[in-house]
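Have a look at the structure first, then read on.

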Amino acid sequence: MLTKFYLKQGKGRKAEKGHPWIYTDEIEGYDGEYVNGDIIEVYNSRDRFIGKGFINDCSKISIRLMTRNQEDEIGYEFLRMRLKNAFDYRSKVIDTSSCRMVFGEADFLPGLTIDKFGDIFVIQSLALGIDRFKKDIVDILMKDHGAKGVYERSDVSVRALEGMEETKGFLTEPFDTLVEIEENGVRYLVDIENGQKTGFFLDQKENRKAIHRLVKDAEVLDCFTHTGSFALNAGIAGAKSVLGLDISQHAIDFARRNAELNGLENSVSFEVHNAFDILPVWAKEGRKYDVVILDPPAFTKSRDSIAGAKRGYKEINLRGMKLVREGGFLVTCSCSHFMSEELLRETIVEAARDAGRTLRQVEFRTQSADHPILMTSDESYYLKFFVFQVV
């Protein structure tokens, strides 16, 4: 018999409409006993069933819902079904040779990320309840999805909010953690052990493809290049020259190896720079590019820091567009959920005004289809991708 949790009168309305989270201050009480991580049932103040999920009273997000079906028994077969549904969806919408196989709440598996790199899978667990199913998830990946190896990258500070320690390492027998993948015709070495996040940013897959038509015979500057993904797409698509910048020596070392892997070392080069520092210098020197790409890390991870983030996005876009030749293109992104599409657009327009440039929007895109946006959970929408012509 599962413990029943009851919500306060007037609370939990978002959860009733489909949002997967229930906060501590929305809970009136409970019937039964539990330990953190247990599967429980949730009812509103009128005793109407809302869903089943896992409880963790250490976290501000106390309950994360996994199903709205009261008949579902959350266990091995349930997880097997969820993973099958997640992969079947991706098989229809994107190349699955490398993809995000599970995108947490958007795949009804709260707190869980699974990235697939060929037959190697990387798991990141951000919630205690899903963490307890880790062995089952690994077993299902091995038996049903052809995993030859599974690695964990739960070395993230947000686990502390769940009362968990950071952890990383093999969840199967050890294997070579330097994995080669191919995306949009570009080959990459992915360092799943020491690279950022799970080793590679899969969410820009379709956006990287979208720049191909802009860069033929162009001189391209790619800022915040990480391991060179946009830069290498530009090179493969026929750019005259590409320069990729990143503040991380580790990232640049990998970017150079990736350029060699694709035979692009003569047209695509990489340098270690802080883009905020070097772009103003180059603007004063009169450097110009046909295409400037800005793919910075998230400048804000909370509502409290939005004002500072806005200043950061304005500054980098102003500096970037000053380096674009007249009639050239600015490709600019934000991967912060809290930087809304409207606010980002407004910020870029302000930057253009201060830079004395005029923008024409060519295209707006979001995250790749393997990072689906759950319409009842706005937290699942985070990536905004603009292409502008600069005149």
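Which residues of H11 are buried?

## Helix H11

They are Glu341, Leu343, Leu344, Thr347, Ile348, Ala351, Ala352 and Ala355. Buried here means under 20% relative accessible area, with exposed being over 50% and partly exposed in between (1.4 Å probe, protein chains only). Before going further: this is a predicted model, where local features need pLDDT of at least 70 and side-chain atom pairs count only at pLDDT 80 or more, while totals for chains, interfaces and linings use all residues. Residues are numbered from 1 along each chain as its sequence is written, and side-chain values use heavy atoms, leaving out hydrogens and water.

H11 covers residues 341-355. Helices (H or I, at least four residues) and strands (E, at least two) are DSSP runs, numbered from the N terminus. With its 15 residues, H11 reaches 21 Å from first C-alpha to last, close to the expected 21 Å; that expectation is 1.5 Å times one less than the number of residues. Its buried residues pack against H10, E18, strand E19 (359-365) and strand E20 (384-390), with contact meaning heavy atoms within 4.5 Å. Just after the helix, Gly356 takes a positive phi of about 70 degrees.

Strand E15 (residues 241-246) is mostly covered, with five of its six residues buried. E15 runs parallel to strand E14 (residues 219-223), joined by five bridges; strands count as paired if DSSP finds at least two bridges between them. Asp222 has Gly244 in E15 as its bridge partner. E15 also pairs in the parallel sense with strand E16 (residues 268-272), again over five bridges, and there Val242 is partnered by Val268.

E14, helix H7 (residues 229-236) and E15 make a right-handed β-α-β unit, and so do E15, helix H8 (residues 249-261) and E16. Right-handed means that, with the strands pointing away from the viewer, the path from the first strand over the helix to the second runs clockwise.

Strand E17 (residues 289-294) has five of its six residues buried, so it is largely enclosed by the rest of the structure. E17 pairs in parallel with E14 over four bridges, and five bridges join it to strand E18 (residues 324-334), also in parallel. Tyr289 has Val324 in E18 as its bridge partner. The chain gets from E17 to E18 through helix H10 (residues 306-322), in a right-handed crossover.

## The open mixed sheet

Another set of five strands forms an open sheet with mixed pairing, in the order E7-E8-E9-E10-E11. Strand E7 (98-103) and strand E11 (167-170) stand at the edges with a single partner strand each, so one side of each has no neighbour in the sheet. The twist averages 20 degrees from one strand to the next; angles run from 0 to 180 degrees between N-to-C directions, with axes fitted to C-alpha atoms, for helices over the stretch in contact.

Inside this sheet, strands E9 (residues 120-125) and E10 (residues 149-154) run parallel with four bridges, and Val122 is partnered by Tyr151 in E10. Helix H2 (residues 76-93) lies across E7 and strand E8 (112-117), at about 140 degrees to E7.

## Two nonpolar cores

A nonpolar core is a set of buried Ala, Val, Leu, Ile, Met, Phe, Trp, Tyr and Cys residues joined through side-chain atoms within 4.5 Å. The largest has 38 residues, of which Phe117, Ile192, Val215 and Val220 touch the most other members. H7 gives the largest share, four residues. Apart from this core lies another, of 30 residues, including Leu221 and Val292.
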